[in-house]
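Me: I would like to learn how to read helix packing and pockets from a structure. Can we work through one case?

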Amino acid sequence: MLTKDTAICIRATDFSETSQILTLFTRATGKISVIAKGSKRPKSAFDGPVEVFSYGRIVFSDSTKEKLVTLTEFEQQPGFANLANNLFALNCCLFGAELVNSLTNEHDPHPELFDGFLRFLQNTNEKQKTKNEKQKTLSLLILFQLTLLREIGLQPILSYCVNCKNNFKTDWPQTYFSSSANGLICRDCEASFPDKIGLTKNAANCLANAKLIAETNEKTLNEIEKILVRHFTEILHKPPKMAKYVLRS
Ligand SMILES: [Zn+2]
């Protein structure tokens with residue numbers, strides 16, 4: 001049976017001189033591993049070799065018996081050309097792809113996450129020709145990471161203290177984030193959470209009110225991204241590979 005879907009490539013490896021093995025994140029089917037036979041030939045049904053972030057309509061043969069699905073068509077849309085010229089933006093998008101790959105299961109659809117990931121790639125690509133592109137890229141990555149956590153059912157609690165349930169207030173003298181609690185912890189409760197990290201006022205305000213993230217300064221964004229990297233490291237039981245390329249710069 002042939003299935004049609006829309007896909008973003010999140011991993012591409014060579015299988016032979018002419019074929020590739022791809023991990024595709026699709027809108028209706030979720031993550032799938034496919035073999036694209038002949039994709040590296042000059043003329044193929046895939047509009048040329050498939051690369052990470054290739055995006056478009058696909059057709060694949062859906063056999064539940066076989067783990068590896070055969071890709072029969074990939075109608076590639078004009079991609080995200082600006083990413084190739086900006087290493088930081090490219091690394092942020094690769095980090096996003098790594099997290100999608102690590103935190104979703106095959107054949108487990110997440111259409112809202114697919115839309116969020118596509119928007120993240122499109123917006124990041126567009127922002128590379130504007131001022132403050134690094135601040136914008138980092139804020140887009142953080143907002144995508146929060147979307148990802150929500151869509152996979154791990155939404156952190158950021159509007160009140162997870163322990164005592166008191167609503168977050170901007171005049172809290174100190175606010176913490178704890179991975180084990182999956183959210184914010186107030187000063188009165190912090191002693192019970194050895195893994196907590198103290199937040200600056202700006203970072204706490206941004207986490208409690210995500211609308212502020214797009215406009216906040218790069219220093220605060222770096223602080224939030226460090227916390228999210230630690231959080232993803234706890235969730236995955238290992239540091240994400242791309243994290244160091246995003247935090248280093
Ligand atoms: Zn509390």
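This is a predicted model: local features need pLDDT of at least 70, side-chain atom pairs count only at pLDDT 80 or more; totals for chains, interfaces and linings use all residues.

Me: Let us start with α2 and α3. At what angle do α2 and α3 pack, and how far apart are their axes?

Reply: Helix α2 (residues 111–127) and helix α3 (residues 133–151) pack at about 180°, and their axes lie 10 Å apart. Angles over 145 degrees count as roughly antiparallel, so α2 is roughly antiparallel to α3.

Me: Which residues of α2 and α3 meet?

Reply: On the α2 side they are Glu112, Leu113, Gly116, Phe117, Phe120, Asn123, Thr124 and Lys127. On the α3 side they are Glu133, Lys136, Thr137, Leu140, Leu141, Phe144, Leu148 and Glu151. Sorted by class, the contact of α2 with α3 has seven nonpolar, four polar and five charged residues.

Me: Now α1 and α5. Are α1 and α5 roughly parallel or roughly antiparallel to each other?

Reply: Begin with the angle: α1 and helix α5 (residues 218–236) pack at about 25°, with 12 Å between their axes. Angles under 35 degrees count as roughly parallel, and α1 and α5 are therefore roughly parallel to each other. The crossing of α1 past α5 is left-handed. From α1, the contact takes Phe95, Leu99, Ser102 and Leu103; from α5, it takes Glu225, Val229, Phe232, Ile235 and Leu236. By class, the contact of α1 with α5 comprises seven nonpolar residues, one polar and one charged.

Me: How do α4 and α5 cross, left-handed or right-handed?

Reply: The crossing of α4 and α5 is right-handed. The axes of helix α4 (residues 201–208) and α5 come within 9 Å and cross at roughly 70°. The range from 65 to 115 degrees counts as roughly perpendicular, so α4 and α5 are roughly perpendicular to each other. Here Asn202, Ala203, Cys206 and Leu207 of α4 touch Thr220, Glu223 and Ile224 of α5. The residues of the contact of α4 with α5 divide into four nonpolar, two polar and one charged.

Me: Which element supplies the largest share of the lining of the largest pocket?

Reply: α1 does, with five residues. β1 (2–14) and α1 (87–103) each supply at least two residues of the lining. Ser102 links the two topics: Ser102 belongs to the contact of α1 with α5, and Ser102 is also among the lining residues nearest the centre of the largest pocket.

Technical notes:
Residues are numbered from 1 along each chain as its sequence is written. Side-chain values use heavy atoms; hydrogens and water are left out. On a 1 Å grid over the protein atoms alone, a cavity is a set of points where a 1.4 Å probe fits but cannot get out, and a pocket is an open set with protein on both sides within 12 Å along at least five of seven lines; lining residues have an atom within 4 Å of a point. Helices (H or I, at least four residues) and strands (E, at least two) are DSSP runs, numbered from the N terminus. Axes are lines fitted to C-alpha atoms, for helices over the stretch in contact, and angles run from 0 to 180 degrees between N-to-C directions. A crossing is left-handed if the near helix is turned anticlockwise from the far one by less than a right angle, and right-handed if clockwise. Contact means heavy atoms within 4.5 Å. Ala, Val, Leu, Ile, Met, Phe, Trp, Tyr, Cys and Pro count as nonpolar, Asp, Glu, Lys and Arg as charged, and the others, Gly among them, as polar.
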